[in-house]
Structures are given as structure tokens and as C-alpha cells.
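Let's explore the inside of a protein together. Have a look at the sequence and the model, then work through the exercises below.

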Amino acid sequence: MNIFEQYLNRINLILFKLSDEKKIILPNKLDGITSEIPPSKFKADISTNVAMVLSKLNNQTPIDLANILAELIKKNDELVDDISIVKPGFINIKFKKIYWTNFVEQTIKNSETFGINIKDKKKNYLIEFVSANPTGPLHVGHCRGAILGDVIANVLKFNKHKVTKEYYVNDYGNQIINFTKSVFFRIKEEIYKEPFPLDDDLYPGEYIKDFAKNIISTNKKLDFNNFEKISENLTVLSINEALNLIKKNLKSLGINHDNFISEKNLVKNKEVEKVVSYLEKNKFVYKGKIKAPESEDKDNWVQREQLLFKSTDFGDDKDRTLQKSDGSWTYFAGDVAYHQNKIDRKFDQLINILGADHSGYIKRISSSVEALSSSKGKLICKVSQLVKLIKNKQPFKMSKRKGDYITVDDLISEVGKDATRFIMLSRSSDVELDFDFDNVIEKSKDNPLYYVQYCYARIASVFRHTQKNINSDLKIEKYDFQYSDDEIEILKKISEWPKCIEASSKKLEPHRIPTYLYELSSLFHSYWNLGKDNPDKRFINDQKKITIDKLILLKVISNVIKSGMKIVGVSIPEKM
């Protein structure tokens, strides 16, 4: 039940009637007309900008047009108590209290679908996220993007879209050769006590020792004396060890991917050659030379003829190399083939979650998808910005492994999965995030996770007191309540839940959900605290009972918190 959508429909009916009567001129599309909860300083329940949108076309001032429309709105809606006009032309509507009783009834009766945009066209999404090189454990740099991708998937699924979550395994190229050599040398160190080489191309992390020991123990017949003889087999074993660790890291975050797609398999299946052939046939590639990148010494740069993709035709700042002068394919060529593979699987929308260091990659890969699919906007890229860990007001490093990064397991062992997921979503993904350990463990309003979970626990405590199950439906014969102004403020916030879901889904901005849950919980806690001084505000009265209207109010709040926390992937304890 989206009251804002319902009220826009009411307003549109009035506008169409006025248009039929030649009393008003309407544009071809009624875009830009909104209905919102007005600022708290206005004693109103809903506000619309319709008069401001239509005033110029009708050659009237917004105030004059608002006065005409306000009179018609009140005349056509018996639930309107009062209407006021606010400069520069907002129409603010206050409902009779029975409106909110009706709202509660509809919310309870449609609890399973409340928040879902039923009219929204349902799509088939593919979300690719994490896709870290399979050469070691996930670190905090991967953590935020992993949670972002997972919760985007959750909110799309909540809104009844079909979603596939995918991990692209970069198991081809020089970094994999170096990784396999690193495992090989750790095996030699373990079996033959040979020292691990000092080589900047190798992976020195302690986890490589674990990989080596696992491979030794499960491959007794493998001869580890000659790298060349076992390199192919050892690469498969090493990648498998890395993926097992990565999947374990993801599981500890509450994340499971549907697919793991191998870059090596794409290469073996000649998919790079196929996609390049398609691009050549459609004249999207040419042989040419590129200037030195900004990071290169221009005096020492040698221009060589390479196979280039015409990404400038799609708004990129320069054309991109697909094949080097030595005939080898670039990483970009493999990525283009992977995205052709995605397109071939007939998804309506592709979403990539990228790390902060890949933001410059967006235009080229989006250009290739546009060329391959003949569709602009087929691919949406979301960037997950950096996370700075703070403890005692100082940058915090806590890795238990030798290396220059903090692992996901380190972070979760410190604060837990719930805090990690909730706090990583507390700000928009396109801005840097300070993850403050002191706030995360604090039991106060400054810890948003605690404040939301405590809200649910308080509600659950009332249900326990009345010997009712918070998870069971309530049987109500007649909705005949008179909610107070304080309670209506909470209900107004509840009414915004469908808008929160809609914005989170359409804009792929799931941070809106924990923000909304915190605001709702804050209103609840404020109302709960009023009961300390005012017995009328208490949920449990002097007779140790709760009135049915208050019980229903609590049920509505708990339903929304439960839905929101499930999307975020965080638990809702009934006791704290």
C-alpha cells in the first residue's frame, strides 16, 4: 500500500476531469508531480507540488492554481481534514485520524506484500560482484562491494525481480602463473625445506602455506620436483584452494553466489576470438597506434600497431586495446568476451559492482556492452568506494597475517557479521566510509545497528509479556482506533517504506534501507521514552495489559523492521 502513489492517482483523476472540462491544460506526460511527507514544521500528512508543475503551462501563479486544486481535493476526499497552501505553491493535506486507522488495517492485511512495487515491470538481472583475483583471501577492500552487491540483489528480489548473483574468476594470465609458482615454492619449502624465493612477483602471504599443505595432503601421488610437468595440474589445485577460501570468506559475510564463471574457460572456448570477430564484422575495431598512457614515460614509449576497439564512438576518451602487438589478448578483451557471454544469456539488465580503483574502467566496458547489445544502458556499474577503519579515533590495522591488507575474517572476528553488513551500508557506496569500531560496539543511539535491533527487541518484549508470538498474525475483528499525534508520526514513517524500497530498487542504492530503519527506530524509541512520564503513552498499562490499537501499531513496526533487516541480511534478536 503506497499512499503516495494512491494520492497521485487521486490528483491525476481531478486533473483529467478538469482537462476534459477545458478548465486546465495538461502536458503530454504528468512527470514531475510528486507527493511527499512534508517537513515536520507543517502540521500536515502529505504534500504535493502539482500546482507548481502546471502553473506556467496554464499561465497562472502556483498559489492561484493551488487554491483551485485544493478546493477540489477536499471536495472529492471525505478523509481530508484540512488543506493549506504554502509558498511557493505546495498543497499540504492533513487527514482525519480515521485515515491512519484504515492505513494500519490495509498494512496488516497485506503484510506480505507491503513495500513491494507490484506495478513495476519485473526484470531479469545479472549482478556481478566481488570477482577478486583467486590468489588469496578477501580483504576489507572487497568487503563493502560484496555487501553492496548482495543487498542490491536482496532488494531487487524483495521487489519480485529475478536475480542471478555471479562471480567472475580471473584464473587466466600472468598473475595466475605467479600465484601457482608461489604455491609451488611453498610446497618445496614444506617438503624439501627449500627457502621461499625473494621475488616481488610472488605471493608471500602465510595463507599460501595453508594452500600448499592442503595440496600436499590430498595429492600424495603428485611429483612436486618439476614445476613445468605439474604446472597445469597445480594451477587447477591452487585456484580451487583460493576459491574455497574466498567462498568461506563470503559465507562468513552471509553471501552465496549463484555462478562462478571462469575466465580460463572463456579463453579455451575461443570466446575472445568470437567476440573480436563480431566487432570486426560490425566495424567496431581497427589496427592503430595509441599514445603513451599518463603513467608511462613518453620519451621511452614506443608506439606499436595494435587492435583497437572504437570506444570513442560511445563517449570514451580514447580507443581501447584488444590485442597487443605481440598477438596476446588484453585483460579488456577477456572482459569484453565475458560480457558477450552475459548478453547471450538474455538478461534484461546487467549490473557490475566495481572497486574504487576500477572507476576509470566503467566507460570502456559500458561502451563495449553498448556495441555488443545495440542497447544503451544495458550495463549499470556501481562503484564501491574505500573503507577506512577507525579505532580510538585513529586509523586501525589489525591483520593477523603478514601482508599489507586486513582480511574479511579479521574484521568479522572483531565485530561480527551483522555489524559488518549494517555499517558497510550506512552511507552511499559512492563516498568513502569511516568504519568506527568504538561506535560499532557501543550500546547507544550512536550505534545504528544496536538501535534498530533494540527497537525490535523492545517490541518483542511487549509481545512476550502478553503471551503472544511476535511472528504470528493478529486476529482483529474491527479496526476502530483513534491514534494519537505521536503514534501517527510513526505511522507516517511506516507509510514511507514503499518509497524507500522503490528508490533503493530503481536507483540501486540499498544504503537507504538501514538509514530508513534507523529513523523509524528513533521515532519508536522516542515514543517509548514518553511513557516514562506519561502513563497514556505506555504500551503496557497499569493493569499490566496492552490495548489492541497499540499492539497493532507494534506489529506494523515490527513487520517493517523484519522486512528491512532481512534485505540487509542482519539478524533481529528478540532479546538483548
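Predicted model: local features only at pLDDT ≥ 70, side-chain atom pairs only at ≥ 80, totals over all residues.

**Exercise 1.** Find the largest nonpolar core and the residues with the most contacts inside it.

*Solution.* Start with the count: the largest nonpolar core holds 136 residues. Next, pick out the residues with the most contacts inside this core, which are F435, I494, W497, I552 and I557. Now zoom in on F435: leaving aside residues up to four places away in sequence, F435 touches V387, K388, L389, I390, L411, V415, A419, T420, I423, M424 and V440. Finally, look for a second, separate core; this one has 26 residues, among them A333, A337, F347 and L379.

**Exercise 2.** Describe the largest cavity: its space, its lining and the helix that gives the most to that lining.

*Solution.* First, count the cavities of 30 Å³ or more: there are two. Sorted by class, the lining has four nonpolar, four polar and no charged residues.

**Exercise 3.** Work out which residues line the second largest cavity, and sort them by class.

*Solution.* The second largest cavity has about 50 Å³ of volume. Around this cavity you will find R144, L148, M424, L425, R427, S428, S429, P510 and H511. Sorting these gives four nonpolar, three polar and two charged residues. One of them, M424, is also touched by F435.

Terms used. Residues numbered from 1 in each chain as written. Heavy atoms only, no water. Core = buried A, V, L, I, M, F, W, Y, C linked by side-chain atoms within 4.5 Å. Buried < 20%, exposed > 50% of the residue type's maximum accessible area, 1.4 Å probe, protein only. Contact = heavy atoms within 4.5 Å. 1 Å grid on protein atoms, 1.4 Å probe; cavity = no way out; pocket = protein on both sides within 12 Å on 5 of 7 lines; lining within 4 Å. Points joined across faces, edges and corners; volume = space filled by probe spheres on them. Helix = DSSP H or I, 4+ residues; strand = E, 2+ residues; numbered from the N terminus. Nonpolar A, V, L, I, M, F, W, Y, C, P; charged D, E, K, R; others polar.
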